[in-house]
Amino acid sequence: MVGDDSSAWRERQRQAVRAHAEAEERRRAAEHAKAAEIVSWFAAEANRRALPTTRLHARPYNGRGRYRTRLFGWYVDRSRLLAVDVAGRWYPLTVPASLRARFLGAEPSPAPAPLIVGEGGRDGESIPLRVLLARRLDELRSDLPAAGASERDSRTG
């Protein structure tokens, strides 16, 4: 009888662990879907505002040097390690160091964006993805020369 109780208990434990893992996977999928919407919104808004893109570069994990990529888009952090490409995909721009990448360029892979950028980092700085990208849109817009600024300057001088 004791053997039956322990096997039933083990089966309940397995089911509980499985249910917990499935719930975590659903939560993670929902988070990635929400973050993907935010990144797509950023790319669409940047394109709508005709904000200039730049060729993106990747850095090796060791931090020494940088590699060309075939990607064009917008850096979204000051360290230039996170970017969104023109198609609205999120890229962490760190790659393994390699001689091939030094000469032929790196090919970073898109990744699911986090809803909280920097969460769990050692520096303690984290920011919601939507806030980061909204700020970046404002920064990119303020980097553009004001429309008609050269006309105003020539009229006043």
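**The sheet and its surroundings**

Guide: Start at a turn: strand 1 and strand 2 make a hairpin with six residues between the strands, and glycine 63 there has a positive phi near 80°. This is a predicted model, in which local features need pLDDT of at least 70 and side-chain atom pairs count only at pLDDT 80 or more, while totals for chains, interfaces and linings use all residues. Residues are numbered from 1 along each chain as its sequence is written, and side-chain values use heavy atoms, with hydrogens and water left out.

Strands (E, at least two residues) and helices (H or I, at least four) are DSSP runs, numbered from the N terminus. Two strands pair if DSSP finds at least two bridges between them.

Strand 1 covers residues 54-60 and runs antiparallel to strand 2, with four bridges joining them. Threonine 54 has glycine 73 of strand 2 as its bridge partner. Glycine 73 also stands opposite aspartate 85 in strand 3.

Strand 2 covers residues 67-75, strand 3 residues 82-85. Three bridges join these two, again antiparallel. Tryptophan 74 stands opposite valine 84 in strand 3. The hairpin between strand 2 and strand 3 has six residues between the strands, and arginine 80 takes a positive phi near 60°.

Next comes strand 4. Strand 3 pairs with strand 4 in the antiparallel sense, over three bridges. Valine 84 stands opposite tryptophan 90 here. Four residues lie between the two strands of this hairpin, and glycine 88 in the turn has a positive phi of about 85°.

Look at both faces of strand 3. Leu82 and Val84 point one way, Ala83 and Asp85 the other. All are buried, meaning under 20% relative accessible area with a 1.4 Å probe, protein chains only.

What does a search of the whole structure find by way of aromatic pairs? It finds one. Phenylalanine 42 and tryptophan 74 are edge-to-face, 5.8 Å centre to centre with 90° between the planes. Phenylalanine 42 is in helix 1 (residues 2-48) and tryptophan 74 in strand 2, so the pair ties together parts 32 residues apart in sequence. Rings of Phe, Tyr and Trp (its six-membered ring) pair with centres within 6.5 Å; planes under 30 degrees apart are stacked, over 60 edge-to-face, the rest tilted. Phenylalanine 42 and tryptophan 74 are both buried.

Last, helix 3. Its buried residues are Leu129, Leu132, Leu133, Arg136, Leu137 and Leu140. Seen down the axis of helix 3, the buried residues fall within an arc of 140°, so they line one face. That arc uses the directions from the helix axis to the C-beta atoms.

Conventions
Buried means under 20% relative accessible area, exposed over 50%, partly exposed in between (1.4 Å probe, protein chains only).
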